[in-house]
Each structure stands twice: as structure tokens, then as C-alpha cells.
Amino acid sequence: MLFETVVSGGCRSYLIGCEETCAAALIDPELSQIDRYLALAARDGLRIKYLVDTHTHADHFSGTQQLARQLNVPVVMHGFSPAPFVDLRLQSGELLVVGKLRLQAMHTPGHTRDSMCLTVQDRVFTGDTLLIGGTGRTDLPSGDASALHDSLFNNVLKLDPATLVFPAHEYKGRSHTTIGQELAGNPRLQQRDRGAFIEMMQNLNLTMPTHITEALRTNMTGGKTVAQMLAEAAAAVPFMSLAELRAAVESDKCDFIVLDVRERDAFQEGHIQGAQHLPRGQLELRVNQELPDPTRRILVYCEFGRVSTLATATLRQMGFRGAVALDGGMKAWREAGYPVIPGAN
Ligand SMILES: [Fe+2]
């Protein structure tokens, strides 16, 4: 068995491969680490056959959907996963055949309704059901402390005590543990009575993960993250530097339209000399009146450089092949001490 752990902050992903056949499965991949997984698989001579999420993650962006598109292989989750892009929905006891390896699914609801653990040979991937010295939380959407109690005490913890445990999260740098070690030393597992366990889980008072809304939105629906939207727009447009724009504006030979896509108040408070105002929210509907010549070069700016990137991508989609985004925004322009013109135009 070939085995790689990828650590990214507190998150863990696992690449598990069959030496004989070069087939591999990737468990809990993160969007930001996609190039690393592919590089590791290539280095080890592995071909990824399955992309597995142990559950709907609320704390990071899953990389399964994008990798599935790139590699043309199925996304695997438990049958209760709400994500529409899942190709293979496993039930408890079902196997994934990865060359000579067999990954067996065990439905372990509690952290989420769609949580599953996967056993293979001497180890179990526990997702967020069982962590080293902890358990997954049960206060996020579809969490259920009573179900977690069942999943742990009637299923996961009944595995051979020598079974190696590889969780989806680890914050103290430990690589793995065993079922026996967790039974003996995990503080959350010392409360074996169901009622007491539920009460303990309901009184942990944990802070919400950052990006929870966006992570759930994208992981449950297959939609794009804001960062993906911006990266896609940025990849499709050219940029102009602040200094270049300043030089053009001050030369009195500015041969392009400078377009401010902020709201009216921001424009009136101060804009770049000669700028034309067309708020992002009205761009598509007013573009024909405001920008009648599609061949003109148009420099687009906003406050921070993000909305202008999206607006420039939209303009280029609409045929304005000369649309360019400012690298930076009005904030950076002001901070650079460049001239700001107040009032309407
Ligand atoms: Fe989780």
C-alpha cells in the first residue's frame, strides 16, 4: 500500500494507492491543495480512481468536484450527501475497489448525517467522527449527538483496537492513533452513557468555523467559491498598473475610457480624473447607452480591485475586447497619494 498524508492547516487529506496496479483513492481533498495531490500521485506513479469526501465539510472547500472534472473520475460520498455532483453514493458495508485494495464504507452519522468512515487493511479513515483525543462536533447543520454516540460506541470503537486511526482533522501535528489508544485516553470517549455523552456534546460552546456559510454552500451544491469566481475573472482579463493609469490620465492624451464601477456616493466623494461612472449593478443594463463603441479600450476600476475584475470579465464577455482592469483600486490609488477629483461628472 502506498500512503501519503497531506497536511493543510488543521485539515488532513490522504492518498492511498495499490502498489501493484497503481490505482489510488484520494480522501477529503481540499480545493487549495489540488496541485499537491496531483504531484504526489505522479511522483508515486499512482492514478487516482476515486475522490472521496468522508462527509459534507463545513470548514474548508472540498476539492472533489474540481478534481473530478480534471481527472474524469467519480466523486464518492455517503448516500445521504446532499451534493448533486456526487457520482457514487455508498451505503454502509459497500466497498470501493482500488486495485488490490478494498475500501469499506461504514456509515457513522453524528458529526453530519452523511458522515462515513472508510476501513482498509490495518487502518480506518474516520473523517470527523473520531479525532485524535476528540470527536467531531455535533452542533453544525445535520449534526446529532445521539447518532454520534451510536456511531462511535456501536461501530467505530468496535473495530480491532490495533486499527490505525487517520482523522480528517488534527491540530497538534500527530500523524495517527489507534482505536485502542482512543478508547483508553480520548476524554470525549470516557462518557459512555448516552445521556451524559449528549449533554457533554451539547455544552461544548465551540466557535463557528470561519467560512462556514460559504463552505456549506459550495460543498453542498457544487457552486463556486468567491475566490474561484475572482480567480476565473482575473485569468480572463488584462490588468493595468496604478502608475500606468496615472501617467495616462495626467498626460492629457488619455486615449481610453476610465470607467468607475462603484456606487454613486463613492464616485461623488472622489474619483479618478475624467472617469465615467457606471455602477457594477447597472453595467449590463446600461452598457449599450454608456459604452456605444465596443472597440474602445476601457480601463475599469472600483474600490479594491475585485468588483472591477468581475466587471471587466463581464465587459469582455459582452464583446468589449479592449476592457482592462486596474491592478488595485481607488483605495490603493488614494494611498499612493494620486489625485482624486470630487463631485459628479
Ligand atoms: Fe467536518
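Residues are numbered from 1 along each chain as its sequence is written. In this predicted model, local features need pLDDT of at least 70 and side-chain atom pairs count only at pLDDT 80 or more, while totals for chains, interfaces and linings use all residues.

Start with the overall layout. The chain is assigned domain 1 (2-223) and domain 2 (227-335). Those bounds come from an automatic or database domain assignment. The C-alpha centres of domain 1 and domain 2 are 44 Å apart.

Next come the helix pairs. Two packed helices are described by the angle between their axes and the distance between the axes. Axes here are lines fitted to C-alpha atoms, for helices over the stretch in contact, and angles run from 0 to 180 degrees between N-to-C directions. Helices (H or I, at least four residues) and strands (E, at least two) are DSSP runs, numbered from the N terminus.

Take helix α3 (residues 145-155) and helix α5 (residues 194-202). Their axes come within 9 Å and cross at roughly 125°. α3 and α5 are therefore oblique to each other. The scale counts angles under 35 degrees as roughly parallel, over 145 as roughly antiparallel, 65 to 115 as roughly perpendicular and the rest as oblique. The crossing of α3 past α5 is right-handed. A crossing is right-handed if the near helix is turned clockwise from the far one by less than a right angle, and left-handed if anticlockwise. On the α3 side, A145, S146, L148 and H149 take part; they meet R194, F197, I198, M201 and Q202 of α5. Contact means that C-beta atoms, placed from the backbone, lie within 7 Å. By class, the α3 contact with α5 has five nonpolar, three polar and one charged residues. Ala, Val, Leu, Ile, Met, Phe, Trp, Tyr, Cys and Pro count as nonpolar, Asp, Glu, Lys and Arg as charged, and the others, Gly among them, as polar.

Now the other pair. The axes of helix α7 (residues 226-235) and helix α11 (residues 307-317) come within 9 Å and cross at roughly 55°. α7 and α11 are therefore oblique to each other too. This crossing is left-handed. L230, A233 and A234 of α7 meet T309, L310 and A313 of α11. Five of these residues are nonpolar, one is polar and none is charged.

S151 is buried, because 26 other C-beta atoms lie within 10 Å. The cut-offs are 20 or more such atoms for buried, 12 or fewer for exposed, and in between for partly exposed, with C-beta atoms placed from the backbone. Beyond four places in sequence, S151 touches T108, P109, G110, T129 and V156. S151 and C117 are 34 residues apart along the chain, and their C-alpha atoms are separated by 9.8 Å.

D128 sits in the loop between β10 (123-127) and β11 (130-131). D128 is buried too, with 27 other C-beta atoms within 10 Å. D128 and A323 are 195 residues apart in sequence and 46 Å apart in space, C-alpha to C-alpha.

Finally, two loop residues have positive phi without being glycine. Q121 has phi near 50°, and lies between β9 (116-120) and β10. Q121 is partly exposed, with 13 other C-beta atoms within 10 Å. H211 has phi of about 65°, and lies between α5 and α6 (212-221). H211 is partly exposed, with 17 C-beta neighbours inside 10 Å.

Notes
Two residues are in contact if their C-beta atoms, placed from the backbone, lie within 7 Å.
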